[in-house]
Amino acid sequence: MRMRKLPWAEEYIAQADVIIKDQTKNKGKWKQMFGCTSLHVEIGCGKGDYLLHMSEKDLESGWIGIEKDSNVMAIAARKYDQQEQHGCNIAFLLGDALALKEWFAQGEIDVLHLNFSDPWPKKRAHKKRLSHASFIEIYREVISETGEIQMKTDNASLFEFSLLQFQEGGWYLHDISVDFRRNVHDEDAISEYEQRFMNLGQPIYRAVWKKTPYINTDKKKR
Ligand SMILES: C[S@@+](CC[C@H](N)C(=O)[O-])C[C@H]1O[C@@H](n2cnc3c(N)ncnc32)[C@H](O)[C@@H]1O
């Protein structure tokens, strides 16, 4: 269901420093801007819970949240502003992920996160799914050779669709779980939607795809 337009959203966005207004100005320089060696991007970050928590957990990486809905973007920025401590390893971009190649240089992103993307159940709307082949082609350009995509969802049908789309796109399935929160995963924050589904007792599906085959560099002999 669409959220009613928040009367304060536009004004809030205009003055929020954490939202980078010119999305193209740091193309190729995001890591330099954050002073980090690893760049994470969440597409469809919603109200920002995942990104805000992960940027606190992992101070060594840069964290960018992309969101096309100005209402939820404004809420995410306000949450950031209300935090007691303001990390400088986080930024938000307001806009559609279709423009990813205008904002990021080739191979610039190390980890791309898709958390509880809209399921778009009707077949004619499948092209809007963030794991549709057309998006996956865009991701291939901006993700580094050793990079990966991490996806979580409550939606079995979207999960099946995504597994096939990534396979057809030539990605390597590196990890998969049909009940990710069955075990404790302190390394990974719980997103806003994830918390809702966990409260309903629904299992969380998760998969990780690598751009190139995973090479085990652990040389220890058994
Ligand atoms: C169901 S919400 C999930 C929010 C958050 N990731 C979470 O797990 O709580 C999906 C979000 O993705 C955003 N979204 C969908 N398609 C997008 C696109 N092409 N570019 C940017 N954001 C998108 C929607 O506006 C919505 O806020």
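This is a predicted model: local features need pLDDT of at least 70, side-chain atom pairs count only at pLDDT 80 or more; totals for chains, interfaces and linings use all residues.
Trainee: Is lysine 122 buried or exposed?
Mentor: Lysine 122 counts as exposed, because its relative accessibility is 52%. Exposed means over 50% relative accessible area, buried under 20%, and partly exposed in between (1.4 Å probe, protein chains only).

Trainee: Where does lysine 122 lie?
Mentor: In the loop between strand S4 (109-115) and helix H6 (133-142). Helices (H or I, at least four residues) and strands (E, at least two) are DSSP runs, numbered from the N terminus.

Trainee: Aromatics next. How many aromatic pairs does a search of the whole structure find?
Mentor: Nine. One of them joins tryptophan 30 and phenylalanine 34, stacked at 6.4 Å centre to centre with 25 degrees between the planes. Rings of Phe, Tyr and Trp (its six-membered ring) pair if their centres lie within 6.5 Å; planes under 30 degrees apart are stacked, over 60 edge-to-face, the rest tilted.

Trainee: Why are tryptophan 30 and phenylalanine 34 separated by about one helical turn?
Mentor: Because they sit four residues apart in helix H2. Both tryptophan 30 and phenylalanine 34 are buried, and Trp30, Phe34 and Phe104 form one aromatic cluster.

Trainee: What about phenylalanine 159 and tyrosine 205?
Mentor: Their ring centres are 5.2 Å apart and the planes lie at 25 degrees, so that pair is stacked too. It links distant parts of the chain, with phenylalanine 159 in helix H7 and tyrosine 205 in strand S7, 46 residues apart. Phenylalanine 159 is buried at 4% relative accessibility, and tyrosine 205 is buried at 17%.

Trainee: Switching to charges, how many salt bridges are found?
Mentor: Twelve in the whole structure, each a side-chain nitrogen of Lys or Arg within 4 Å of a carboxyl oxygen of Asp or Glu. Among them, aspartate 49 and lysine 79 meet at 2.4 Å, N to O. Aspartate 49 is in helix H3 and lysine 79 in helix H4, 30 residues apart. Lysine 79 is partly exposed at 27%.

Trainee: And which residue does aspartate 188 meet?
Mentor: Lysine 152, at 2.7 Å, N to O. Aspartate 188 lies in the loop between strand S6 and helix H8, and lysine 152 in strand S5, so the bridge ties together parts 36 residues apart in sequence.

Trainee: Are aspartate 188 and lysine 152 buried or exposed?
Mentor: Aspartate 188 is buried at 6%, and lysine 152 is buried at 2%. A network of salt bridges links Lys152, Arg181, Asp188 and Glu194.

Technical notes
Residues are numbered from 1 along each chain as its sequence is written. Side-chain values use heavy atoms; hydrogens and water are left out.
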